[in-house]
Amino acid sequence: MIVQVKNNFKAEGLVQELEEYLTKELARYEKETLSDIDRDVPIKTGELASSIQSVNDPNQLKVTIGTNLHYAPYQEFGTIELYDAGYVSSQELGSYPQQFRGAGIRQSGGVFARNYFFKNVRTNFFKMIDRIK
């Protein structure tokens, strides 16, 4: 008895289709994540909100989202309370949030955690994964 399995589709076309689909999903992820971050970012002067940028590299199937403002993590993690990272495991962030606790400008008594960045990055990542499945 002989069984022959033949590839009846063009692999190159399938790979290209998959890459196009993933590129569109990454662009959707980028747009939704930036929108959610913009919704949740604390606004005092607008500097933090306007500093959040993204770079979408479709050739690498990669999106990078972030800010270079030195005080952004203080707003995200806070300086006077334990960071509520219930939506992000300690393995994902490690001890990174702890370095901001008790740090920064203390004139007003400190900064409460605002959870505007990692929450949205992670939530939208898992939404994208669910759409891809």
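At 49% relative accessibility, L18 counts as partly exposed, a class that runs between buried (under 20% relative accessible area) and exposed (over 50%), computed with a 1.4 Å probe on protein chains only. L18 sits in helix α1. Together with Y21 and I132, L18 makes a nonpolar surface patch of about 250 Å². Patches are built from residues with over 30% relative accessible area and no salt bridge; like charges are joined within 9 Å, and nonpolar side chains (Val, Leu, Ile, Met, Phe, Trp, Tyr) within 5 Å.

The model is predicted: local features need pLDDT of at least 70, side-chain atom pairs count only at pLDDT 80 or more, and totals for chains, interfaces and linings use all residues. Residues are numbered from 1 along each chain as its sequence is written, and side-chain values use heavy atoms, with hydrogens and water left out. The mean pLDDT of the chain is 80, and 74% of the residues score at least 70. This score is the predictor's confidence in each residue, from 0 to 100. Where pLDDT is low, the predicted coordinates should not be read in detail.

The chain contains five helices and two strands. Their order along the sequence is α-α-β-β-α-α-α. Helices (H or I, at least four residues) and strands (E, at least two) are DSSP runs, numbered from the N terminus. Of the 133 residues in the chain, 29% are buried. The accessible surface comes to about 9,500 Å², and carbon and sulfur atoms account for 53% of that surface. Accessible areas come from the Shrake-Rupley method with a 1.4 Å probe; for residues, only the protein chains shown count as cover. Among contacts with a separation of 6 or more, 69% join residues 24 or more positions apart. A contact means heavy atoms within 4.5 Å.

The largest nonpolar core has 14 residues. Such a core is a set of buried Ala, Val, Leu, Ile, Met, Phe, Trp, Tyr and Cys residues joined through side-chain atoms within 4.5 Å. The residues with the most contacts inside this core are I37, V41, L48, I52, I65, Y116 and F117. Helix α1, helix α2 (47-51) and strand β2 (62-66) each supply at least two core residues. The largest share, three residues, comes from α1. Beyond its neighbours within four places in sequence, F117 touches I37, I65, G66 and E76. N115 lies in the loop between α4 (90-93) and α5. N115 is buried, with a relative accessible area of 13%. The C-alpha atoms of N115 and V41 are 8.1 Å apart, although the two residues are separated by 74 residues along the chain.

Helix α5 (residues 118-132) holds N124. This residue is buried, at 1% relative accessibility. Apart from neighbours within four places in sequence, N124 contacts Y29, E32, T33 and D36.

Side chains of opposite charge can pair when their charged atoms come close. The whole structure has seven salt bridges. Each is a side-chain nitrogen of Lys or Arg within 4 Å of a carboxyl oxygen of Asp or Glu. One of them joins E32 to R131, with the closest N and O atoms 3.5 Å apart. E32 lies in helix α1 (residues 11-40) and R131 in helix α5, so this pair ties together parts that are 99 residues apart in sequence. Both partners are partly exposed: E32 has a relative accessible area of 24%, and R131 one of 22%. E32 and R131 also belong to a network of salt bridges with E25 and R28.

D40 takes part in two further pairings. Its side chain meets that of R39 in a salt bridge at 2.8 Å, N to O. R39 is exposed, with a relative accessible area of 54%, whereas D40 is buried, at 19%. K119 also forms a salt bridge with D40, the closest N and O atoms being 3.3 Å apart. K119 lies in helix α5 and D40 in helix α1, so the pair ties together parts that are 79 residues apart in sequence. K119 is partly exposed, at 27% relative accessibility.
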